[in-house]
Amino acid sequence: MAEIIDLSGDGGVLKTVVRKAKDDAIAPSDSLPLVDGTLAENGEVFDTTHEDNSIFSFEIGQGAVIKAWDIALRTMKVGEVAKITCKPEYAYGTAGSPLEIPPNATLIFEVELVACRPRKGSSVGSVSDEKARLEELKKQRELAAATKEEEKKKREEAKAAAAARVQAKLDAKKGKGKGKGK
């Protein structure tokens, strides 16, 4: 019997290798994030690429597919075929996918990783440069957002202090006015 591997650590995504890849086969990575594969569901078929012999493609880690696929295909190598069992929280959750997948459904897929590729227009070398550029851009945006939030906080504090001064002056005038009338 094939070994069942818990990929999510909580039993939510289980992988059973149906056919191992060659030892020197490539796997998805930051420099090869685009994956191509075939797909067949076990049991009641709701989506397949086997029947029409087509290839399913997506970029790992981008949320373009159910969470289980992002997790599982990251662990595969080109040529590998695996059975992936997905608990609802790693698939379509409590909402399901109306008309095809009921709420809280556990899904079983048989997936073959056919290829891994760099993003269109990228060479493998330029992908790491692009990742570094994007990380730097992300840091700059986070810093700008933090600065903007700090400035907003200072403006709010200044408004509150000004309002308190105005209120104190109004309260002082009220107090003086009462005293004069006696």
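What follows is a walk through this structure, from its overall layout to its core, its charged pairs and its surface.

A word on the ground rules comes before the tour. This is a predicted model, in which local features need pLDDT of at least 70 and side-chain atom pairs count only at pLDDT 80 or more, while totals for chains, interfaces and linings use all residues. Residues are numbered from 1 along each chain as its sequence is written, and side-chain values use heavy atoms, with hydrogens and water left out.

Let us begin with the layout. The protein chain holds two helices and six strands; here helices (H or I, at least four residues) and strands (E, at least two) are DSSP runs, numbered from the N terminus. Read from the N terminus on, the order of the elements is β-β-β-β-α-β-β-α. Of the 182 residues in the protein chain, 27% count as buried. Buried means under 20% relative accessible area, exposed means over 50%, and partly exposed lies in between, with a 1.4 Å probe and protein chains only. The areas themselves come from the Shrake-Rupley method with a 1.4 Å probe, and for residues only the protein chains shown count as cover.

Now step inside. A nonpolar core is a set of buried Ala, Val, Leu, Ile, Met, Phe, Trp, Tyr and Cys residues joined through side-chain atoms within 4.5 Å. The largest one here has 22 residues, and Ile66, Trp69, Leu73, Ile84, Cys86 and Phe109 have the most contacts inside it. Helix H1 (67-74), strand E5 (81-86) and strand E6 (107-117) are the elements that give two or more residues to this core. Strand E6 gives the most, with five residues.

While you are at strand E6, have a look at Val111, which is found there. Val111 counts as buried because its relative accessible area is 5%.

Next come the charged pairs. Side chains of opposite charge can pair when their charged atoms come close. A salt bridge is counted when a side-chain nitrogen of Lys or Arg is within 4 Å of a carboxyl oxygen of Asp or Glu, and a search of the whole structure finds two. In one of them, Glu80 pairs with Lys15, with the closest N and O atoms 2.9 Å apart. This pair links distant parts of the chain, since Glu80 is in the loop between H1 and E5 and Lys15 is in strand E2 (residues 13-19), 65 residues apart. Both Glu80 and Lys15 are buried.

Arg19 and Glu112 also meet in a salt bridge, at 2.8 Å from N to O. Here strand E2, which holds Arg19, is linked with strand E6, which holds Glu112, across 93 residues of chain. Arg19 counts as partly exposed because its relative accessible area is 40%. Glu112 is partly exposed too, at 22% relative accessibility.

The loops have some points of interest as well. Asp30 sits in the loop between E2 and strand E3 (34-41) and is partly exposed, with a relative accessible area of 45%. Ala27 lies in the loop between E2 and E3 and is partly exposed at 28%. From the C-alpha atom of Ala27 to that of Arg74, 47 residues away along the chain, the separation is 7.2 Å.

Another loop, the one between E5 and E6, is the place of Asn104. Most residues other than glycine have a negative phi. Asn104 has a positive phi of about 55° although it is not a glycine, and its relative accessible area of 48% makes it partly exposed.

Patches are made of residues with over 30% relative accessible area and no salt bridge, with like charges joined within 9 Å and nonpolar side chains (Val, Leu, Ile, Met, Phe, Trp, Tyr) within 5 Å. Lys and Arg count as positive and Asp and Glu as negative, while His and the chain ends are not counted. The place of a charge is taken as NZ of Lys, CZ of Arg, CG of Asp or CD of Glu. Glu149, Glu150, Glu151, Glu156 and Glu157 form a negative patch. Glu151 is found in helix H2 (residues 124-180) and is partly exposed, at 43% relative accessible area. Lys148, Lys152, Arg155 and Lys159 form a positive patch, and Arg155 is found in helix H2.
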